Amino acid sequence: MEPISIPYRGYEVFECPPNGQGIAALMILRLLAGYDLKAASEADRIHLLAEATKAAYFQRDALVGDPRFTDVPVARLLSEPHATRVRAGIRMDRAGAAPFWDEAEHKDTVYLCVVDRDGNAISFINSLFREFGCGILAPESGVLLHCRGSMFRTTPGHPNAIAPGKRPLHTIIPGMLMKEGQAQMPFGVMGGNYQSTGHAHLLTHILDLGLDPQAALDAPRSFAFDGVLGLERTVPGAVAEDLARRGHRIGIAARPFGGGQAIWLDRERGVLIGGSDPRKDGCALGY
């Protein structure tokens with residue numbers, strides 16, 4: 001299928017289209033593009049990521065479904081005029097209202113990326129949604145089938161309402177960063193609903209803060225979801241206090257957020273720079 005994309009800091013970010021949530025990752029990045037994240041404090045960056053996440057996920061949950069059954073306004077949601085209107089409602093000193101999530105938890109996902117000697121790049125993600133998917137094994141292949149039909153809503157008329165032959169909204173999104181028509185970095189961040197925020201977090205740490213893929217994957221994470229701004233334990237206490245003063249309901253995450261992989265193609269030096277998230281199994285391997 002045709003991917004969707006937006007420009008960001010001189011690069012092009014590609015995601016899978018609806019019925020996936022790649023559109024939410026692009027909406028977050030489009031909003032963050034209006035701020036100088038390099039000059040911002042850590043608390044400001046977390047605050048902006050939280051506010052952009054809340055805005056994007058609210059629209060994701062309200063508007064995204066299988067485009068064969070519903071009109072998803074992709075071009076409008078990814079446009080700069082739309083981002084400008086949303087930014088106008090973001091305050092640096094005050095947390096905005098948070099949408100609440102009452103659907104099933106997304107988990108049991110694996111992500112990998114590969115770059116060969118010719119510069120061909122693959123960004124791949126797969127998920128069963130639960131430990132053994134739907135519990136059905138494809139004969140002879142040994143492949144378990146997923147149960148992402150759990151993501152359908154039962155609200156009549158909703159874009160993601162259950163219907164025959166329809167695909168549900170899903171969270172698994174492989175990403176690809178491009179530069180002047182060439183692959184720059186295949187990347188992905190697992191973690192169910194966190195994935196769109198994770199994509200934005202990873203890319204801003206590389207493209208705005210100048211970190212390499214491994215350092216960007218190592219960086220402390222936050223996630224504004226279901227009314228709580230979750231912070232990993234590596235976020236400094238003073239930063240958490242600053243965010244609480246802005247009205248965020250802070251929660252210290254019992255488990256880390258997500259897990260990712262990325263490979264940066266340094267074409268000038270003729271090398272590949274890989275990173276593998278310490279939060280999950282995986283490694284960066286060259287041979």
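A salt bridge is taken here as a side-chain nitrogen of Lys or Arg lying within 4 Å of a carboxyl oxygen of Asp or Glu. The structure is a predicted model, in which local features need pLDDT of at least 70 and side-chain atom pairs count only at pLDDT 80 or more, whereas totals for chains, interfaces and linings use all residues. Residues are numbered from 1 along each chain as its sequence is written, and side-chain values use heavy atoms, with hydrogens and water left out.

The model holds 15 salt bridges, one of which joins the side chains of D44 and R246 at 2.7 Å, N to O. This pair links distant parts of the chain, since D44 belongs to helix α2 (residues 42–63) and R246 to the loop between α7 (237–245) and β9 (250–252), 202 residues apart; helices (H or I, at least four residues) and strands (E, at least two) are DSSP runs numbered from the N terminus. D44 is partly exposed, with a relative accessibility of 22%, whereas R246 is buried at 8%; buried means under 20% relative accessible area, exposed over 50% and partly exposed in between, with a 1.4 Å probe and protein chains only.

A further salt bridge connects the side chains of E232 and R279 (2.8 Å, N to O). E232 lies in the loop between β8 and α7 and R279 in the segment after β11, so the pair ties together parts that are 47 residues apart in sequence. Both E232 and R279 are buried. R279 also forms a salt bridge with D277, the closest N and O atoms being 2.9 Å apart, and D277 is itself buried, with a relative accessible area of 3%. Through shared partners, salt bridges join R221, E232, D277 and R279 into one network.

The lining of the second largest pocket divides into 13 nonpolar, five polar and two charged residues, where Ala, Val, Leu, Ile, Met, Phe, Trp, Tyr, Cys and Pro count as nonpolar, Asp, Glu, Lys and Arg as charged, and the others, Gly among them, as polar.
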